[in-house]
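Hi,

Here is the model I promised to pass on. My notes on its interfaces follow below; have a look and tell me what you think.

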Amino acid sequence: MPVNQTSLFTRRLRNGAWRVVELITTPVVPADYLDVIAPLRNPTVLRARIEAVRPETADAVTLELRPGRGWEPHQPGQYVRLGVDVDGVRLWRAYSVTSAAGRRDGRFTVTVNAVRDGVVSGHLLRHARKGMLVHLDVPAGDFVLTSPRPARTLFVTAGSGITPVMGMLRSALPELGDVVVVHSARTPEGVVFGAELRELAAQGRIRLIERHTRADGRLKPAALADLVPDLFERETWACGPGDMLDDLQEHWADAGAAERLHVERFRPTVLVAGDGGTVTFEKSGLVVDVAAGATVLDAAEAAGQLMRSGCRMGICFKCVLPMREGIVRDVRDGKLTTATEVDGDNVLIQTCISTAAGPCRLDA
Amino acid sequence: MTTLQRKEVNPIAHLSPEDIEQLGRELDAIRDEILAVRGEQDARHIRRMIAVQRRLELGSRAVLLFSVFPPAWVLGTIGLSISKILENMEIGHNILHGQYDFMRDPKIHSTTWEWDSASPAEQWKHSHNELHHKYTNVVGRDNDLGYGIMRVDEQQRWAPAHLGQPLYNFVNACFFEYGIAAYDLELGRNLRTKKRRNNPEFRARARQVLHKIRRQVTRDYVVHPALALPVGFAVGNPLGALFGTMAANFVANLARNLWTHSVIMCGHFPNGVETFERTSITGETRGEWYLRQMLGSANISGSKLMHIMTGNLSHQIEHHLFPDLPASRYAEVAPKVRALFERYQLNYVTGPLVFQVASAWAKVFRLALPNRKPAREIDHSIPPRHPAEVAA
Ligand code: FES
């Protein structure tokens, strides 16, 4: 098969040429030099450029992003993780894609809502500018529409829970038959995408039920049944605060309709520091209680876990392990380091100078 | 801290254990001050250094494509030398110390960085960060003292082989990166017996080193000279282009090696720097560890450019106190550290590069010969301290 042979030959040639290029740049890889010149072209390090910044409400902003090479298109409802350098430290946060899927220009948008004490959201709200680069991860999450599309749909959202739903509406509204959106926000002005939602409702494309919690109080599932009588006959997607979702899940389960409810939880990224905590080593399965002041290294070794260590005083960096989730305190200066699963921080912590300040899970 | 007891004047006799712990707390406070402001500025610094170095390297290598022309050869060689020095000192050394791990950038991280040195980063981190920085100047534990080939202290027994140590030191300086690799491999010790030679772990590490050296040698002495050939052919002097580029790379490597060796010699060898006995560090407290770093290191004074070209190892004292803080901050903390030295009446060893290098070399020569006076005996009138006492 001559065709295959040629392609094999060219592939060999290309690999060979690449190896020579790698030799030119050893000990780093050619991409490290190209990065200095053209940061978006690197396919192994996914980045995006901010093309536009549009305010939504007083504390929400939409970023239009142009992803670099290596990007994969998203499904409506999915989220992406953005890595943003805040005061020199790269922090990752997950944001729902709010634009319609399959845009021609390959761009997409996320809408960032400022959360209280939110380091990243606050930073983006204040500092995001056209031209800025952010780090990016491919889309993830299974909070997506089912196919075939349901004939009757209900969306129950609160606060920034509207963001993934907006992505779904913008992508697939024509395919969805009868759509009801029940959305809670503190005030009418605080409704993210308020104008667009009301416009859709005015056109009769959705039935919108807005609830303003400062005036009307929080929405209870029982009240929801009054607003939407055919509740359990609808395929339902809900996104919002944890206790709202808990209530809904209970209500749907009681009605025997649990499988018709899809929920997406935005987990709070604010971890509260305490003293000591349980540390789980995910790979070995070891679970140890690290007392306040004791180091993770010592506690794990005492429990029989094989640990890498060197200086045992924080200067050699041989003892670092990735923390998937949790909060640790530096025993020398009290500094806290946190990681959350959704954000995928996987921050490397030095076990010899870290004590647990809450439950932690280590990738070891 | 018992080696000090051998001295006629014990430089820390005036310090009580409480003083030493207080000193430690004051140094911790200086550390905290830097931690509080560490961030954006430091991230920008290292990114800029990396960008400058990479541009400089690419530029110099491009110029060396024309190495048949003498001005291009000179320019390219100077640029490449500077780029290699920056790469090793201000970038590699400091990133591998974890100074920029706080950025959480997986590329600029002590666990992923690889540098242009014969010693693979992983092995170097073990011998340098772990052994040298923990056991600074402890004779027998810190092999940086003389790299196992030299006599560095009057207390060490003299042997005729030491007569050659100025020569070894010079050869080591010229091929410093290979010396470091051999030293990280503990080559002397590991080649001695058959059992050690055949140890699979040692063999694996040796293979890594050889692999790395092979790639770098191929790059510097085969690939880049070959890239200069077209221009060589064009002007009818291919051999000139080939050997010219080889020579340029050789000179750049040599310059980098001599420079790093000199800077590093200044860190722990000059007059006034103390060494410590193995037993002196049992049960060492944080305060005592700090004190040992203070007495065991020496600075180089000079301009800002000097500090950058040494990777801020000109602030060796500050580096040894805070090895994991961004090196570009050392200049900022130096006055505070120096004030502490004065307040606690300790000797802050510093001086211009030429003086410090000369002082270190003088020591190499002096110790090549047997001592004029016999080495002093340990003063047993000062009781050794018990670890329990120290911990209390
Ligand atoms: S063991 Fe050296 S930094 Fe933790």
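Across the interface of domain 1 and domain 2 of chain A in this predicted model, two residue pairs are in polar contact, both at pLDDT 80 or more. A polar contact here is a pair of N or O atoms within 3.5 Å; within protein, one must be able to donate a hydrogen and the other to accept it, and residues adjacent in sequence count only if both atoms are side-chain atoms.

Salt bridges between domain 1 and domain 2 of chain A: zero, where the rule wants a side-chain nitrogen of Lys or Arg within 4 Å of a carboxyl oxygen of Asp or Glu. The two domains bury about 1000 Å², with 61% of that from carbon and sulfur atoms; buried area is the accessible area (1.4 Å probe) lost on putting two parts together, summed over both.

Now for the chain pair. Chain A and chain B bury about 3500 Å² between them, 56% of it on carbon and sulfur atoms. On the chain A side, A:Tyr33, A:Ile315 and A:Phe317 lose the most area to chain B, together 18% of what that side buries. In contact (heavy atoms within 4.5 Å) are 38 residues of chain A and 46 of chain B.

The rule finds seven salt bridges across this interface, including B:Glu130 with A:Lys318 at 3.2 Å, N to O. By class, the side of chain A that touches chain B has 20 nonpolar, seven polar and 11 charged residues.

For bookkeeping, residues are numbered from 1 along each chain as its sequence is written, and chains are lettered from A and ligands numbered from 1 in the order written. Local features need pLDDT of at least 70 and side-chain atom pairs pLDDT 80 or more, while totals for chains, interfaces and linings use all residues, and side-chain values use heavy atoms, with hydrogens and water left out.

Cheers

Key. Nonpolar A, V, L, I, M, F, W, Y, C, P; charged D, E, K, R; others polar.
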